[in-house]
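Dear colleague,

Please find below the structure that I am handing over to you. My notes on it follow directly after.

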Amino acid sequence: SGSSDPYCVVKVDNEVVARTATVWKSLNPFWGEEITLLLPRGFHSLAIYVMDEDAIGQDDVIGKVSLSQQQISAEPRGIDSWLSLAPVSPDQEVQGEIHLELWVPEQGHPRVLRCHLIEARDLAPRDASGTSDPFGRVSCCGRTQETAVVKKTRFPRWDEVLEFELPEGELGEAVLSVELWDWDIVGKNDFLGQVEFYLDTLCPGLTRGWFHLLPFPSTTEDHGGQLGALRLAVRLLEDTVLPSHHYQPLIQLLTEPILCPAQSPEGTALAVLEEVTSGESRQDVATKLVKLFLGQGLAVPLLDYLTSRELARTADPNTLFRSNSLASKSMEQFMKVVGLPYLHEVLKPVLKELDPGKMELSRGRRISFKGSLSEAQVRESSLELLKGYLGDIMDAIVGSVDKCPLPMRVAFQQLHRRAEQRFPSAQHEEVRYFSISGFLFLRFFAPAVLTPKLFGLREQHAEPGTGRTLLLLAK
């Protein structure tokens, strides 16, 4: 059809840890999905594969972006850019570790290096059965030896010692290469990974340990974006978490203006934090503040404190809470944490009706095509259909007052009162209402209608036609 049905698979050290939804019939997919991973300390690489979903047969690999731990760690603020997709070669798709003992003699004649292949673990499956038939191939100083084949396993144990006579004098550039292969009865064997050791860097005596298998050195050229590009934002955070009592002084400092409101608000830690927080870090600060104050049972007073300060600074009520201030971001985060089950209860049943199949049935019921319709008639019929969907959504929201979580209702009640105190005149009577609707609709219901997948309201992203309907409803 000239298009694809792309989705992404995320791998850490070749283990699949997440996948995105599929975007149907698109060469320019937008996912907008945020994935948080708890990584092991010694991880080596993060790779994102772009796949094309097929109804019949295996899904096709379009390309991949691979980032090493060193690349990610080198950017403390994170990587945020377009990265060209690279082709996927089977020789690059290796995983697992091998357990080796290497004995390098210091002297003697002849000098004999002993390579003990003990076992391997978590090898890549190369056979249709989901396993492999691994064997080891060891090369050193112009000689090559192989172990026995262990059938149908990704965790082989050989326990074989292979010996190599070393040349006299300096070893120079001599290399010990240990390769693992999957034995195939028909066709060529499949590569499973390798480890290399420069002999002059090995200490005389015994070296033993688990070694991470590496791919063959890449010979693939840069395809210059021919396979497309992937826009990624990747950030690695390392948090050291101390016992809770270490944080008490900080919690006391932050909650002081809430618990002791009599003091001057300008010199408090919260006021200073609000002043120094930049736009790019405001979301992170708001998220952590809301979690911290929820844990102390003080989230609603925090929102009252922040929104009151913003009201005091606002001269024109038409600009109220329109910026991404700390107050706006904190209220937004609070609604996501406290109100997500409520959002699901209200919108999930309504948005189910917007599935393509149901939309077609609904369209057939609501619009009667008798003869050919003019463009104006089709537009009018489409508008009526859209109004019908919008009416269902509004009825669901308006009828859900009793289901709205009590903390949200209390927070909005306080906001209503503060807005009324700040703008008491009759000409500003609406301020107390649109200060609430700016949060409840613009930052809560509308984004969920626009991209229901990101709020857990749908399992997949919407089809293009449904997506346009959702966009119009959100607007």
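Strand S6 (residues 97-104) and S13 run antiparallel and are joined by eight bridges; strands here are DSSP runs (E, at least two residues), helices likewise (H or I, at least four), both numbered from the N terminus. Within this pairing, which requires at least two DSSP bridges between two strands, Glu 97 stands opposite His 212 in S13. Both strands belong to an open, antiparallel sheet of four, ordered S10-S7-S6-S13. Its edge strands, S10 (157-166) and S13 (205-212), each pair on one side only.

This is a predicted model: local features need pLDDT of at least 70, side-chain atom pairs count only at pLDDT 80 or more, and totals for chains, interfaces and linings use all residues. Residues are numbered from 1 along each chain as its sequence is written, and side-chain values use heavy atoms, with hydrogens and water left out.

The count of salt bridges (a side-chain nitrogen of Lys or Arg within 4 Å of a carboxyl oxygen of Asp or Glu) comes to 17. One of them joins Lys 453 to Glu 33, with the closest N and O atoms 3.4 Å apart. Lys 453 lies in the loop between helices H10 (431-450) and H11 (464-474), and Glu 33 in the loop between S2 and S3, so the pair ties together parts 420 residues apart in sequence. Lys 453 counts as buried, at 18% relative accessibility, while Glu 33, at 24%, is partly exposed; buried means under 20% relative accessible area, exposed over 50%, and partly exposed in between (1.4 Å probe, protein chains only).
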